[in-house]
Amino acid sequence: MASSTFFNCTSLLTPINHLPRNPSSSNSTVCLSLFAKKPTPLNLSSSSSHSISVFSPILSNSVSSPIRKPQSLTIVCAKGYKMKTHKASAKRFRVTGTGKIMRRRAGKQHLLRKKNAKRRTRLGKSIQVDRSDYNNVIGALPYLKVNRAN
């Protein structure tokens, strides 16, 4: 099963400066827009000393048209899992330069006194893994660089 990561972004790319101004209301709250196309000059009047208009106003107390909500965008990033190497198998198998999987022979761990020198020498050498076992070894070691033709 693949895991997913979700990112929520809110886009405010389109300004809401299409709302009509209401010149009759002098006690209106003004929000400043960073998306205004051109700034208007600073207006200070004696009737409303607390209202400053630097950019075109977006919202006022008496809004006649409905307010647009910002659009929500969801980005989904799906990731697959990494395959894990079987560490015990990684210690037992080696790959040659031509891509053959090599293993050690069994029988050279203990009881060596009763084995003659020729047999001990032969057991000490590594041999190629049988073709019928390749799928098992490759399944345990997914990142092994194996030449499957060998």
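Two strands count as paired if DSSP finds at least two bridges between them, and the strands (E, at least two residues) and helices (H or I, at least four) are DSSP runs numbered from the N terminus. What you have open is a predicted model, where local features need pLDDT of at least 70, side-chain atom pairs count only at pLDDT 80 or more, and totals for chains, interfaces and linings use all residues. Residues are numbered from 1 along each chain as its sequence is written, and side-chain values use heavy atoms, with hydrogens and water left out.

Select E3 (94-95), E4 (101-104) and E5 (126-128). They form an open sheet in the order E3-E4-E5, with antiparallel pairing. E3 and E5 are the edge strands, each pairing on one side only.

Zoom in on E3 and E4, which share two bridges. Val95 stands opposite Ile101, while Arg94 has Met102 as its bridge partner. Five residues lie between the strands of this hairpin, and Gly99 in the turn has a positive phi of about 95 degrees.

Now hop across to E5: E4 pairs with E5 over three bridges, and Arg103 sits opposite Ile127.

**Stop two: Val129.** Which residues does Val129 touch, leaving aside neighbours within four places in sequence? Look for Phe93, Ile101, Met102, Arg103, Tyr134 and Val137, where contact means heavy atoms within 4.5 Å.

**Stop three: Tyr134.** Show its ring together with Arg131. The charged end of Arg131 sits over that ring, 4.3 Å from its centre; the rule asks for NZ of Lys or CZ of Arg within 6 Å of the ring centre and within 35 degrees of the ring normal.
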